[in-house]
Amino acid sequence: MEAEELDSCGTAALVTEPQFTQLFRKYLEAKGVLDSHFRVQKLPDGTMALPVLGQSLQEHHLQHLKESIPPGKTCALIWIQKLSEELASLVLGHGAAWSEELEKDLPDSWQRHGDLVLLSEDSFRATLWGEMGEELWETVAGAMGAKRLARRGRVQSDSFRSPAVTLLLGEDGWVEHVDNGIRYRFDVTRCMMSPGNITEKLRIASMRCAGEVVVDLYAGIGYFTLPYLVHAGAAFVHACEWNPHAVEALQQNLQLNGVQHRCRIHQGDNRKLELRNVANRVNLGLIPTSEEGWPVACRVLRKDVGGILHIHQNVESFPGKAPQPGQDLQLPASKRQEDKGVRRGKDTVSGAGRRAVCPAARMVWQKWAEDTGTQFRTLLQKLDGKPWQTNVLHIELVKSYAPHVHHIVLDLDCRPLS
């Protein structure tokens, strides 16, 4: 059958600049989400639209493609005609007129979770939509190939950082994702799953943790706990989480992946954790900072041999604050003697989009890492009553969080000195 034009009936499409068309096409074909029934089409603004199977395209596919092109370039999921055409027909059937205002009120981005589509918070705000009731959401779901709909709002400022998500169509918000062979099940109205952390999950999965005991201080639904167990080969993981909805999902995910016998969930405030002296490795996966968990990490770390900490942090690197190339990044001379226990690895920074980050920003990250090493060394020495040494093994760039703010992970080696 000859491929059709995109605008003949409407379909989902990924939009990018012409120079990235082949890159996108190869990736989408490899993942089985390129829709061969339609042709790649050039849009009026010069960008290219690649047809995709909307029900198969997942958020981590989008994230991978975004990270494969330079910052500021286009990687957007759109619908060609079908949604607006069906909604225009619905509006006319209600005796109203279709307008440019209503067209602009349609979603320009969304997330797909299996048969559930999560709409952006800035869509369907016009008064007219509210008068249509469930018929509106049934029409939207049909046009987008979904059975359930939800709309996200801003993350709530509660202790759990709960998502403000409203279920518009369907009985519940439970969805399932498969990342790197690991099954994650969660309720989108109760818990979050950040696609931007996929590179860090893959990095953990590649680690060699055979025989190790890991403490995950901010386990959530198992974002990092599961890669440690399923792929990295950790002998046992202590997973700490205080959001009861996340704990419910974590329990299911451990069962789904057959690793429940190698994990213990500690529900509640991890600052009250009674574990001591057990961990070869501690994961501190909380942003913007995990600093409140640093004393806990020191308490659970093994005191006989030490171990490795993976410390997440959002680090600001505003141009005005960034140290200049060649500027001394060490602490003042009066403090250097006490900080000889902090070693700096060579060429420690890597990760997604490294080439696009200016050297000054990487210098800021290195300075933060060394200062953090000093703080952990001090905490460990006070706790243990003996000298410790910390070594900056690696700094991983996870993602850009905001202008001049990057989510990074510090791998810090902590060892007692004999």
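Me: What follows helix 1, and what makes its phi worth a look?
Reply: Helix 1 is followed by Gly32, and the phi of Gly32 is positive, near 75 degrees. Keep in mind that this is a predicted model.

Me: Which residues of helix 1 are buried, and what do they pack against?
Reply: Helix 1 runs over residues 21-30, and Thr21, Phe24, Tyr27 and Leu28 are buried in it. Those buried residues pack against strand 1 (12-16), strand 3 (48-52) and helix 2 (59-67).

Me: How do you know that the buried residues of helix 1 line one face?
Reply: Look down the axis of helix 1: its buried residues fall within an arc of 140 degrees, so they line one face. The background is simple: an α-helix has 3.6 residues a turn, so residues three or four places apart point the same way. On the face turned away from the buried side of helix 1 sit the exposed residues Lys26 and Ala30.

Me: And helix 9, how does its span compare with the expected one?
Reply: Helix 9 (residues 244-256) has 13 residues and reaches 18 Å from its first C-alpha to its last. That is close to the 18 Å expected at 1.5 Å a residue.

Me: Which residues of helix 9 are buried, and why are they said to line one face?
Reply: The buried ones are Ala246, Val247, Ala249, Leu250, Asn253 and Leu254. Down the axis of helix 9 they fall within an arc of 165 degrees, so one face of the helix is lined by them. They pack against strand 9 (174-179), strand 10 (182-187), helix 8 (225-230), strand 12 (236-241) and strand 13 (263-267).

Me: What happens at the two ends of helix 9?
Reply: At the start of helix 9, a side-chain oxygen of Asn243 reaches to within 2.9 Å of the backbone nitrogen of His245. After helix 9 comes Gly258, whose phi is positive, near 65 degrees.

Me: On to the rings: how many aromatic pairs are there, and what is the pair of Phe124 and Trp137 called, and why?
Reply: Searching the whole structure turns up four aromatic pairs. Phe124 and Trp137 have ring centres 5.3 Å apart and planes at 80 degrees, so the pair is edge-to-face; the cut-off for that name is over 60.

Me: What does the pair of Phe124 and Trp137 tie together?
Reply: Phe124 lies in the loop between strand 6 (116-119) and helix 5 (127-130), while Trp137 is in helix 6 (residues 134-144), so the pair ties together parts that are 13 residues apart in sequence. Ring pairs also link Trp98, Phe124, Trp129 and Trp137 into a cluster.

Me: What makes the pair of Trp294 and Phe376 stacked, tilted or edge-to-face?
Reply: Planes under 30 degrees apart would be stacked and over 60 edge-to-face, with the rest tilted. Trp294 and Phe376 have 40 degrees between their planes, at 4.9 Å centre to centre, and form a tilted pair. Trp294 lies in helix 10 (residues 294-300) and Phe376 in helix 12 (residues 359-384), so parts that are 82 residues apart in sequence are tied together. At 3% relative accessibility, Trp294 counts as buried, and Phe376, with a relative accessible area of 0%, is buried.

Me: What makes Lys201 count as lying over the face of Tyr184?
Reply: Lys201 is at 4.7 Å from the ring centre of Tyr184, and the distance cut-off is within 6 Å.

Me: How do you know that Leu273 is buried or exposed, and what does it touch?
Reply: Leu273 is at 9% relative accessibility, so it counts as buried. Leaving out residues up to four places away in sequence, Leu273 touches Leu217, Cys240, His266, Val296 and Val300.

Me: What makes the peptide bond from Ile287 to Pro288 cis or trans?
Reply: Omega there is near 10 degrees, and the bond from Ile287 to Pro288 is cis. Pro288 has its place in the loop between strand 14 and helix 10.

Key: Residues are numbered from 1 along each chain as its sequence is written. This is a predicted model: local features need pLDDT of at least 70, side-chain atom pairs count only at pLDDT 80 or more; totals for chains, interfaces and linings use all residues. Side-chain values use heavy atoms; hydrogens and water are left out. Helices (H or I, at least four residues) and strands (E, at least two) are DSSP runs, numbered from the N terminus. The expected span of a helix is 1.5 Å times one less than its number of residues. Buried means under 20% relative accessible area, exposed over 50%, partly exposed in between (1.4 Å probe, protein chains only). The arc is that of the directions from the helix axis to the C-beta atoms. Contact means heavy atoms within 4.5 Å. A polar contact is a pair of N or O atoms within 3.5 Å; within protein, one must be able to donate a hydrogen and the other to accept it, and residues adjacent in sequence count only if both atoms are side-chain atoms. Rings of Phe, Tyr and Trp (its six-membered ring) pair if their centres lie within 6.5 Å; planes under 30 degrees apart count as stacked, over 60 as edge-to-face and the rest as tilted. A charge sits over a ring if NZ of Lys or CZ of Arg is within 6 Å of the ring centre and within 35 degrees of the ring normal.
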